[in-house]
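I opened this model to look up its overall fold, its two ligand sites and a few single residues. My entries are set down below in the order in which I made them.

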Amino acid sequence: MKLLPRIDAEGGAEWLARTATLCLIDEARLSPKPGLVDSRGNGAHHDLTLELMERSAHSLTPTFQALAQQSWRRPADVALRQTIGRLGREGEQQMMAATGGVNTHRGAIWALGLLVSAVAMSGGNAPAQEIAATAAKLAQLPDDAAPKLFSKGLRATHRYRVPGAREEAQQGFPHIIKLALPQLQHSRQRGSNEAQARLDALMAIMTSLSDTCVLSRAGLEGLEAMRHGASAVLQAGGVASKAGQQALAELDARMLALNASPGGAADLLAATLFLDRMTTPYLAN
Ligand SMILES: CC(C)(COP(=O)(O)OP(=O)(O)OC[C@H]1O[C@@H](n2cnc3c(N)ncnc32)[C@H](O[C@H]2O[C@H](COP(=O)(O)OP(=O)(O)OP(=O)(O)O)[C@@H](O)[C@H]2O)[C@@H]1O)[C@@H](O)C(=O)NCCC(=O)NCCS
Ligand SMILES: Nc1ncnc2[nH]cnc12
């Protein structure tokens, strides 16, 4: 099935980059998100604001565009992996320059960067699962130029023996394909408005992700509170229901009390919105 408007390399790269940035902004503004920056405020963060998140998102448009241009109709091989690794790291520097050194979107550059590349590799003509599988192939390839850093994410995955951002991509983004996209569609179909459906999709991710941001800030107690609270929202009928809204408010309070912020889940929501726009005709503009 042809899912996107016809796009060529130049116009396509620009459109993909603009869409990726819009998805970051949509994610940041979506409210009320537990522990996260949203239109209401800074959540559990002292160094992040909505204005900073939006500035960061805009600073990444040239990175997404370069990723799409370099990936256009190319196969997944080590040469492309190294190119996107270099562009991704340059994107992180752009983000840090735009935010005065605050890490707003490192995980989002990784997930959306791989997915933007994967759409461009197909020439803009693939269903969501295939895009995610192509992104996974890229993520599995070695990038010898990558510096050997011991990040917070790596520390958390080793300490708690759980998968992190790297594994999520290498496995084909299961939290997006198996949980968030189906939930988004299900909530829309049963009459939730768009914001409610997106919040439900975030909850679906949070029911099972091992979010290394939460683990770093609040340990296993924080992770369990996130998963349990998100399941409670969906079991109560989702964010469109009064009971679901109550459960979401309780989850928000619990995340704030634990100083926990599911930044990895937020990144995957932005990536979900991107794949949704790639594959939902009425949203592809
Ligand atoms: C593969 C990389 C993403 C590196 O991953 P790694 O785990 O080694 O390193 P981190 O630096 O910790 O970044 C991981 C970020 O990914 C998000 N995340 C967390 N858990 C998951 C998960 N299970 N699945 C998917 N994504 C996940 C999360 O990003 C968000 O949180 C960030 C803010 O949190 P934090 O870092 O804790 O905040 P700080 O300010 O540093 O600390 P506090 O003081 O607030 O406590 C924010 O950026 C969100 O986006 C994790 O942080 C990748 O970076 C990599 O290898 N890149 C190389 C370049 C490349 O090859 N690119 C190719 C594609 S472009
Ligand atoms: N809305 C948000 N709040 C905090 N961290 C994030 N990382 C990605 N999106 C975020």
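**Conventions.** I note that this is a predicted model, in which local features need pLDDT of at least 70, side-chain atom pairs count only at pLDDT 80 or more, and totals for chains, interfaces and linings use all residues. Residues are numbered from 1 along each chain as its sequence is written, chains are lettered from A and ligands numbered from 1 in the order in which they are written, and side-chain values use heavy atoms, with hydrogens and water left out.

**Whole chain.** I counted 13 helices and zero strands, where helices (H or I, at least four residues) and strands (E, at least two) are DSSP runs numbered from the N terminus. I then looked up the radius of gyration, taken over C-alpha atoms, against the globule rule of 2.2 Å times the number of residues to the power 0.38. The chain has a value of 18 Å, close to the 19 Å given by that rule for 285 residues, so it is as compact as a globular protein of that length. Its C-alpha trace spans about 45 × 40 × 35 Å along the principal axes.

I find 55% of the 285 residues buried (under 20% relative accessible area; exposed is over 50%, partly exposed in between, with a 1.4 Å probe and protein chains only). Of the contacts (heavy atoms within 4.5 Å) between residues at least 6 apart in sequence, 73% join residues at least 24 apart.

**Ligand 1.** Which residues come nearest to ligand 1? I list N103, R106, S151, K152 and D267, out of 33 residues around the ligand (a heavy atom within 4 Å). For polar contacts I used pairs of N or O atoms within 3.5 Å; within protein, one must be able to donate a hydrogen and the other to accept it, and residues adjacent in sequence count only if both atoms are side-chain atoms. A nitrogen atom of ligand 1 lies 2.9 Å from a backbone N or O atom of S210, and a nitrogen atom of the ligand is 3.0 Å from a polar backbone atom of T212. The side chain of R217 places an N or O atom 2.9 Å from an oxygen atom of ligand 1. Ligand 1 alone exposes 1,200 Å², and the protein buries 87% of that (Shrake-Rupley method, 1.4 Å probe; for residues, only the protein chains shown count as cover).

**Ligand 2.** I find E27, K33, V37 and D267 among the residues surrounding ligand 2. A nitrogen atom of this ligand is 2.9 Å from a side-chain N or O atom of E27, and a nitrogen atom is 2.9 Å from a polar backbone atom of V37. The protein covers 96% of the 260 Å² of accessible area that ligand 2 has on its own. Helix α13 (residues 263-279) gives the largest share of the shell, three residues.

**K33.** I place K33 in the loop between α1 (9-29) and α2 (50-59). Is K33 buried or exposed? K33 counts as buried because its relative accessibility is 1%. Its side chain reaches the backbone oxygen of E27 at 2.7 Å.

**G107.** I locate G107 in helix α5 (residues 106-121). At 26% relative accessibility, G107 counts as partly exposed.
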